[in-house]
2 protein chains.
Amino acid sequence: MVNKATRKRMDIELRREELLALGLKLFARYTYDELSIASIAEKAGISKGLLYHYFPAKRDFYVETVRAAAGQLVGLITGDPRETPLVRLRQGLGAYLNFVEENSAAYLSLVNGGIGIDPEVSRIVESARGRVVKLIVDALGLRDPAPLHLMALHGWVHFAEGASQAWLRDKSVARDELQRLIARQLIFVVSTQAAFAGLRRALLVKITSMLEVPA
Amino acid sequence: MVNKATRKRMDIELRREELLALGLKLFARYTYDELSIASIAEKAGISKGLLYHYFPAKRDFYVETVRAAAGQLVGLITGDPRETPLVRLRQGLGAYLNFVEENSAAYLSLVNGGIGIDPEVSRIVESARGRVVKLIVDALGLRDPAPLHLMALHGWVHFAEGASQAWLRDKSVARDELQRLIARQLIFVVSTQAAFAGLRRALLVKITSMLEVPA
């Protein structure tokens, strides 16, 4: 049995999630300055007072929207923990491109987010990238990655973002080709002698055959 | 002889440039919401009224700051037109890393700029990336680059940004190693069969020997 207090807490949590989903749509369509708490409340169909109850200021609403979206995207990329790391890597890339395709405006908003340098938004986006790098490190079985390895993998995460953004602007390239481009770049990053000298050759061959075929 | 009207125009232009240089420092240190027109004017040592004369609103000041910084960075990367394209490519990469090193906070602010999705700021940053892609296309002598080539090069520009950002957070890697990493990635992008099948092998060898040695 769910008691009244629990149900109320669930309602609040649900409403908060709905507001954050709306936030992702709004910040993808309007600039930060164009949106006021009043207009956000109006679009959500609630009072300004209730919106303030959830988010003390517009900036909080923005920051929490970015946090929720980043969490959702990383969750999708993380995939099914029962699968092997390499299968998850391939599925994760597919899930990433699904998100990019289905939420293009919100995606562009997310990876370009953070005016001036809003330290909190930067930290959220950077932490999401860091979690993706961690997923790859785990998938490759790297025990103690050197700073140069991590730098190369961070670069690759940005490469995937940049190539995806270019693809959203010009979809004349097939999605499979985009996926192969991103996968090949990762293979190169982990196969260059300088960066990943310790990696076993057999693993590389396995990664290559795994990633070149879109999930 | 410079007449009075010309001098006045030069003074205005100079003052505007000084304000934009200040803006780059301020937006690198404070969030957009933390800065008000009043506080910007105070830090610039001028009246609010005079600041409004140059920039009608805070957002204009921000947008123009980003535009000036992007223009400055692309100018540095573009380099000396009297040099050969490949020399310019190498020098451009060095100039880029100089800018990153000397203006780290401002650089992070620039590449992460644009709250929600501020279309104007996104357009400025994107146009700067596009101009860098154009420089590479010219340096490689690609006559009619296919969408996949451009996508790969856009990805590479982001790779350079991502690797540089990771480097700013952990400088235990030597700058030369970072430069080599970024250069190698470009060599791979342009040498993969799928993306640049038409490129002459001799040119590739030339690019490789050119880029692997930091300028």
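A polar contact is a pair of N or O atoms within 3.5 Å; within protein, one of the two must be able to donate a hydrogen and the other to accept it, and residues adjacent in sequence count only if both atoms are side-chain atoms. An instance occurs in chain B, where a polar atom of the side chain of Lys58(B) lies 2.9 Å from the backbone oxygen of Leu35(B). The model is predicted: local features need pLDDT of at least 70 and side-chain atom pairs count only at pLDDT 80 or more, whereas totals for chains, interfaces and linings use all residues. Residues are numbered from 1 along each chain as its sequence is written, chains are lettered from A and ligands numbered from 1 in the order in which they are written, and side-chain values use heavy atoms, with hydrogens and water left out.

Lys58(B) belongs to helix α4 (residues 58–78) of chain B; helices here are DSSP runs of H or I with at least four residues, strands are runs of E with at least two, and both are numbered from the N terminus. Lys58(B) is buried, its relative accessible area being 17%. Buried means under 20% relative accessible area, exposed means over 50%, and partly exposed lies in between (1.4 Å probe, protein chains only). Leaving aside residues up to four places away in sequence, Lys58(B) touches Tyr32(B), Asp33(B), Leu35(B), Ser36(B), Ile37(B) and Ile40(B), where contact means heavy atoms within 4.5 Å.

The overall architecture can be read from chain A. This chain contains 10 helices and 0 strands, giving the pattern α-α-α-α-α-α-α-α-α-α along the sequence. Of its 215 residues, 51% are buried. Among the contacts in chain A with a separation of 6 or more, 67% are between residues 24 or more positions apart.

One helix pairing illustrates the packing. The axes of α4(A) and helix α5 (residues 85–102) of chain A come within 7 Å and cross at roughly 145 degrees; such axes are lines fitted to C-alpha atoms, for helices over the stretch in contact, with angles running from 0 to 180 degrees between N-to-C directions. From α4(A), the contact draws on Gln72(A), Leu73(A), Leu76(A), Ile77(A) and Thr78(A), and from α5(A) on Arg88(A), Gly92(A), Ala95(A), Tyr96(A) and Phe99(A). These residues comprise 6 nonpolar, 3 polar and 1 charged. In this division Ala, Val, Leu, Ile, Met, Phe, Trp, Tyr, Cys and Pro count as nonpolar, Asp, Glu, Lys and Arg as charged, and the others, Gly among them, as polar. Helix α4 of chain A also holds Asp60(A), which is partly exposed at 28% relative accessibility. Asp60(A) stands 62 residues from Ser122(A) in sequence, and their C-alpha atoms are 14 Å apart in space.

The two chains meet through 47 residues of chain A and 47 residues of chain B. The size of an interface is often given as the accessible area lost when the parts come together. Here the buried area (the accessible area, with a 1.4 Å probe, that two parts lose on being put together, summed over both) is about 4,100 Å², and carbon and sulfur atoms give 66% of that area. The rule finds 2 residue pairs in polar contact across the interface, both at pLDDT 80 or more. On the side of chain A that touches chain B, the elements giving two or more residues are α1 (4–29), α4 (58–78), α6 (104–111), α7 (119–140), α8 (147–169) and α9 (175–191). The largest share, 15 residues, comes from α8(A). This side of chain A divides into 24 nonpolar, 14 polar and 9 charged residues.

Salt bridges are a further feature of the model. One joins Glu126(A) to Arg169(B), with the closest N and O atoms 3.5 Å apart.

Other salt bridges lie within a chain. Asp80(A) pairs with Arg82(A) at 3.0 Å between the closest N and O atoms; Asp80(A) is partly exposed at 24% relative accessibility, while Arg82(A) is exposed at 75%. In chain B, Arg82(B) and Asp80(B) likewise meet in a salt bridge at 3.0 Å, N to O. Lys134(B) and Asp138(B) form another, their closest N and O atoms being 3.0 Å apart. These two residues are separated by about one helical turn because they lie 4 residues apart in helix α7 (residues 119–140) of chain B. Lys134(B) is partly exposed, with a relative accessible area of 48%, and Asp138(B) is partly exposed at 43%. Finally, salt bridges that share partners join Glu126(A), Arg129(A), Glu161(A) and Arg169(B) into one network.

Methods:
A salt bridge is a side-chain nitrogen of Lys or Arg within 4 Å of a carboxyl oxygen of Asp or Glu.
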